[in-house]
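Here is my note on the model, point by point. Please read it with the coordinates open.

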Amino acid sequence: MASSSVADQEGQVMLLGFWFSPFVKRVEWALKFKGIEYDYVEEDLTNKSTLLLTSNPIHMRVPVLIHNGNPIAESLVIIEYIDETWKQNPILPQDPYERAMARFWANFIEQKVTESTREALVSQGEQQEKIVKELKEAIEVVEGEAKAKLNDKTLFFGGGNGVGYVDIVLGWTCNWMETIEEVGGFKVLDPESQPQFHKWMANFREVTFVKPTLAPKEKLVEYFRMVRPARLGLVANK
């Protein structure tokens with residue numbers, strides 16, 4: 001059980017997850033940021049539990065948050081649910097315009113960074129080169145936003161509130177991106193051309209509720225070295 005100083009007044013909270021999943025980590029970070037007590041259930045994705053299959057029958061994948069017996073799937077949906085249910089430590093901005101902008105950047109990250117990184121890992125040759133080029137361009141856009149928003153006093157995209165929605169959505173890059181580069185045989189991260197983004201990643205790694213949750217790099221490398229050839233083999237056999 002993960003616990004915190006703030007008692008959960010809203011009933012039982014359970015998170016179905018898998019250790020390596022960056023999407024599960026997002027939900028963990030949101031819960032910890034809010035100080036919500038929850039039970040964590042590690043899933044075996046090669047032998048999915050009945051609880052997972054009945055809680056998320058459409059996609060049958062983690063994360064799934066179960067609150068008072070009601071399941072919620074998809075990490076971005078879950079984070080917004082958490083923010084709306086528990087009012088302490090707001091994740092999304094209170095101002096409607098700023099909230100809309102946070103959602104815009106979260107969607108950009110999901111579509112242009114997260115998805116492209118996944119595709120780059122499980123592709124090769126000219127297809128991978130094209131994806132990596134698009135991924136580099138997306139990270140350049142994130143670097144531009146970081147230059148505009150972050151400085152020595154404002155370390156995170158959440159602004160005055162510290163860590164916020166965009167930080168939690170982008171947070172996986174600080175631990176998974178370098179590993180995926182290494183296993184996938186490509187390079188998109190560059191401290192010289194992306195100084196603000198790299199500074200943000202370094203700061204996010206040190207956040208008190210984030211640092212203990214980050215998996216060791218060698219363990220991630222081992223996992224992705226298993227995933228990449230398996231996915232490439234599936235594509236080759238189609």
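1. A term first. A crossing counts as left-handed if the near helix is turned anticlockwise from the far one by less than a right angle, and as right-handed if clockwise. The model is predicted. In it, α4 passes α5 in a left-handed crossing.

2. The geometry of this pair. Helix α4 covers residues 96-121 and helix α5 covers residues 125-149. They pack at an angle of about 150°, and their axes are 9 Å apart. Angles over 145 degrees count as roughly antiparallel. Therefore α4 is roughly antiparallel to α5.

3. Who makes the contact? From α4 come Trp105, Phe108, Lys112, Val113, Ser116, Thr117, Glu119 and Ala120. From α5 come Gln128, Ile131, Val132, Leu135, Ala138, Val141, Val142 and Glu145. By class, the α4 contact with α5 holds ten nonpolar, three polar and three charged residues. On spacing, an α-helix has 3.6 residues a turn, so residues three or four places apart point the same way.

4. Helix α3, residues 75-85. Which of its residues are buried? They are Ser75, Leu76, Ile78, Ile79, Glu80, Ile82 and Asp83. Note that Glu80 and Asp83 are in that list. The partners of the buried α3 residues are α1, β3 (64-67), β4 (70-73), α4 and α6 (165-170).

5. Ser21. It sits in the loop between β1 (13-17) and α1 (22-34). Is Ser21 buried or exposed? Its relative accessibility is 5%, so it counts as buried. The Ser21 side chain reaches the backbone nitrogen of Val24 at 3.1 Å.

6. A cis peptide. The bond from Val62 to Pro63 is cis, with omega near 5°. Pro63 belongs to the loop between α2 (50-55) and β3. Please check this one in your viewer.

7. Asn68. This residue is in the loop between β3 and β4. Asn68 counts as partly exposed because its relative accessibility is 46%.

8. Glu74. Where does Glu74 lie? In the loop between β4 and α3. Glu74 is not a glycine, yet its phi is positive, about 75°. At 29% relative accessibility, Glu74 counts as partly exposed.

Definitions and conventions. Residues are numbered from 1 along each chain as its sequence is written. This is a predicted model: local features need pLDDT of at least 70, side-chain atom pairs count only at pLDDT 80 or more; totals for chains, interfaces and linings use all residues. Side-chain values use heavy atoms; hydrogens and water are left out. Axes are lines fitted to C-alpha atoms, for helices over the stretch in contact, and angles run from 0 to 180 degrees between N-to-C directions. Helices (H or I, at least four residues) and strands (E, at least two) are DSSP runs, numbered from the N terminus. Angles under 35 degrees count as roughly parallel, over 145 as roughly antiparallel, 65 to 115 as roughly perpendicular and the rest as oblique. Contact means heavy atoms within 4.5 Å. Ala, Val, Leu, Ile, Met, Phe, Trp, Tyr, Cys and Pro count as nonpolar, Asp, Glu, Lys and Arg as charged, and the others, Gly among them, as polar. Buried means under 20% relative accessible area, exposed over 50%, partly exposed in between (1.4 Å probe, protein chains only). A polar contact is a pair of N or O atoms within 3.5 Å; within protein, one must be able to donate a hydrogen and the other to accept it, and residues adjacent in sequence count only if both atoms are side-chain atoms.
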